[in-house]
Amino acid sequence: MADDRNRRRFTDPRTAAEAAFKAATTAKPAAAPVAPAPPRPSAVPGAREMVTLRLDSAVLAHFQKDGPGWQDRVNDALKALVPASED
């Protein structure tokens, strides 16, 4: 009985690795093909996206001088420059 328990235990690392590889690569039944998901839009219209933006220090100081909400003020200023036809 002791031999049955130790029969599958490998003392040689190479033999153990080969046995694990063989077990992992044996033929498995093919799964049913999965239909591809429909493409999602890259962004929701009107939603905000997180970006990294480099601004001159004077521009940043101008928008930050009034305290919290400076990112909204930058967004509003840039939005005012975008033509309405691009909405």
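Which residue forms a salt bridge with R14, and how far apart are the closest N and O atoms? The partner of R14 is E18, and the closest N and O atoms of the pair are 3.1 Å apart. A salt bridge is defined here as a side-chain nitrogen of Lys or Arg within 4 Å of a carboxyl oxygen of Asp or Glu.

The structure is a predicted model, in which local features need pLDDT of at least 70 and side-chain atom pairs count only at pLDDT 80 or more, while totals for chains, interfaces and linings use all residues. Residues are numbered from 1 along each chain as its sequence is written, and side-chain values use heavy atoms, with hydrogens and water left out.

The chain contains four helices and zero strands, with the order α-α-α-α from the N terminus on. Helices (H or I, at least four residues) and strands (E, at least two) are DSSP runs, numbered from the N terminus. Of the 87 residues in the chain, 2% are buried; buried means under 20% relative accessible area, exposed over 50%, and partly exposed in between (1.4 Å probe, protein chains only). The accessible surface of the chain is about 8,800 Å², and carbon and sulfur atoms account for 58% of this area. Accessible areas were computed by the Shrake-Rupley method with a 1.4 Å probe; for residues, only the protein chains shown count as cover.

Two salt bridges were counted. Side chains of opposite charge can pair when their charged atoms come close. E18 counts as partly exposed because its relative accessibility is 45%, whereas R14, at 60%, counts as exposed. D72 forms a salt bridge with R48, with the closest N and O atoms 2.7 Å apart. D72 lies in helix α4 and R48 in the loop between α2 and α3, so this pair ties together parts that are 24 residues apart in sequence. D72 is partly exposed, at 36% relative accessibility, and R48 is exposed, at 62%.

On a 1 Å grid over the protein atoms alone, a pocket is an open set of points where a 1.4 Å probe fits, with protein on both sides within 12 Å along at least five of seven lines; lining residues have an atom within 4 Å of a point. The volume of the largest pocket is about 920 Å³, this being the space filled by probe spheres set on the points, which are joined across faces, edges and corners. Helix α4 (residues 70-81) gives the most to this lining, with six residues.
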